[in-house]
Amino acid sequence: GKKGTNIFGSPYTLTVKAAPVQPCQCAAEGVGLRKARAGEPSSFTLHRRDANGKLIVKGTSRFVVAFSLADGEAGADKQRGAFAGAAATKELQDKGGTADQYFTQKVVDKNDGTFVVQYATQRAGTYKLHVTLGVHSPVEIHGSPFELHVAPAAIAAPSCELTDAMTTPLLPTVAAEAKVSRGADGAINVNAAKDTSNEPIVAGRPFFFRVLARDALGNDVRL
């Protein structure tokens, strides 16, 4: 036939559907993936992409964000202060290391293939930030879990504590025993002072204290 002449039924209508979402192609970016400060809001952005790396604007696949303790972070010497005590550590261990109860979060769909995750916590420490795709069969996205460091807020004098007098100074690597702790209900508890010194404080001889610096939320602050 004549060159360029359409055949019967041509032109046809062709509908190209988006490729399925691929967790390994989805990405996360933003300072909030790695760093945050206790008591302050933080955020990061998620990109929902298909197997070809194209953004998927519309779809039913949703991201799920969760937090857990980093390896070794359950140690009381790393997170004592107002959150000290074996009870708090055991509570986290009993729940499989989850730390979701210490975070508030919200995932906002920007309707352009990206999602903004906003979160906050009052508990300083090191966590694992997990981002998964899907609810029934969740799969972690590329790079997940991310290591998140939550720094304490500024030092607050009313939250700081002075240790009992000692005849021998503590080494920098030795953790001082805190007398102030916070219960599961948020109540502040003050433990009775224990006289663990083998030598009395004598006039004219030096003795030592240690200041336990904390922020207004009860997190230890390293000086």
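Mentor: Among the contacts in the protein chain with a separation of 6 or more, 68% are between residues 24 or more positions apart, where contact means heavy atoms within 4.5 Å. The model is predicted, so that local features need pLDDT of at least 70 and side-chain atom pairs count only at pLDDT 80 or more, while totals for chains, interfaces and linings use all residues. Residues are numbered from 1 along each chain as its sequence is written, and side-chain values use heavy atoms, with hydrogens and water left out.

The chain holds one helix and 13 strands; these are DSSP runs numbered from the N terminus, helices being H or I with at least four residues and strands E with at least two. Read from the N terminus, the elements follow the order β-β-β-β-α-β-β-β-β-β-β-β-β-β. Of the 223 residues, 32% count as buried, a word that stands for under 20% relative accessible area, with exposed over 50% and partly exposed in between (1.4 Å probe, protein chains only).

The part I have picked is leucine 133, which lies in strand E7 and is buried, with a relative accessible area of 5%. Setting aside neighbours within four places in sequence, leucine 133 is in contact with Val21, Pro23, Cys26, Ser61, Arg62, Phe63, Pro138, Val139 and Ile141.

A nonpolar core is a set of buried Ala, Val, Leu, Ile, Met, Phe, Trp, Tyr and Cys residues joined through side-chain atoms within 4.5 Å. This core has 25 residues, and Phe44, Leu46 and Val131 are those with the most contacts inside it. Leucine 46 touches, among others, Phe63, Val131 and Ile141, when residues up to four places away in sequence are not counted.

Val131 leads on to serine 144, which touches Leu129, His130 and Val131, again not counting residues up to four places away. Serine 144 sits in the loop between strand E8 (139-140) and strand E9 (146-151), and this loop residue is buried too, with a relative accessible area of 14%.
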